[in-house]
Amino acid sequence: MLRALLLTATVAGSFVAVPTAHAAVDQICVLSEVINYSPPLTDTPQTVTFSVHGQLFNCTSSSAATGSYFETGTASNATCTSILGAGSGTRVYRWTNTAIEPSTFSYNRTVSRIGGEIVVVAEGSITSGTFTPDPAKSMGSGLQPNPTACMTTGVAQLTALGTLTIGI
């Protein structure tokens with residue numbers, strides 16, 4: 001998941017200023033992502049397309065209790081160890097309650113590899129829709145790709161778990 005989040009942000013390529021203060025947290029959600037790569041990631045640099053399917057659940061706002069997002073993109077020179085990196089991007093959260101406007105999140109992303117995990121932090125703000133103009137932060141982590149698979153058949157899918165906080 002983290003990799004997808006990072007890759008997605010890198011492909012989108014927009015810059016965001018992060019607000020420094022906010023009075024209250026408006027929304028906290030659990031985040032779950034599945035990232036698919038085609039062709040699968042390997043140790044050999046190649047151009048891959050990716051799709052990110054994200055779910056938001058257990059959210060604290062009763063009017064926007066669940067949601068989802070979907071992203072696609074292309075990454076060049078992608079490998080199992082270089083798919084993730086710092087960057088920026090935009091993601092649209094679509095709330096299950098259709099009476100609530102989608103929230104557009106524009107962000108800058110950092111990526112860390114800690115132990116066997118990839119940790120992705122995206123910070124920015126909600127630039128349109130519900131929760132505008134709140135600052136926001138998405139944090140996710142997932143296992144790094146399996147090294148044996150990277151040397152052979154490749155890694156076609158990664159997953160990540162984390163949180164989304166709006167109004168930090």
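**A polar contact and the core**

Reply: The side chains of Ser106 and Thr127 make a polar contact at 3.4 Å; such a contact is a pair of N or O atoms within 3.5 Å, where within protein one must be able to donate a hydrogen and the other to accept it, and residues adjacent in sequence count only if both atoms are side-chain atoms. This is a predicted model, in which local features need pLDDT of at least 70 and side-chain atom pairs count only at pLDDT 80 or more, while totals for chains, interfaces and linings use all residues. Residues are numbered from 1 along each chain as its sequence is written, and side-chain values use heavy atoms, with hydrogens and water left out.

Ser106 lies in strand β5, residues 103-114 (strands are DSSP runs of E, at least two residues, and helices runs of H or I, at least four, numbered from the N terminus). Ser106 counts as buried because its relative accessibility is 10%, and buried means under 20% relative accessible area with a 1.4 Å probe, protein chains only.

The largest nonpolar core has 31 residues, and Tyr37, Leu41, Leu56 and Trp95 have the most contacts inside it. Such a core is a set of buried Ala, Val, Leu, Ile, Met, Phe, Trp, Tyr and Cys residues joined through side-chain atoms within 4.5 Å. Elements that each supply at least two residues of this core include β5, β6 (117-129) and α2 (147-151). Strand β1 gives the largest share, five residues.

Key:
Buried means under 20% relative accessible area, exposed over 50%, partly exposed in between (1.4 Å probe, protein chains only).
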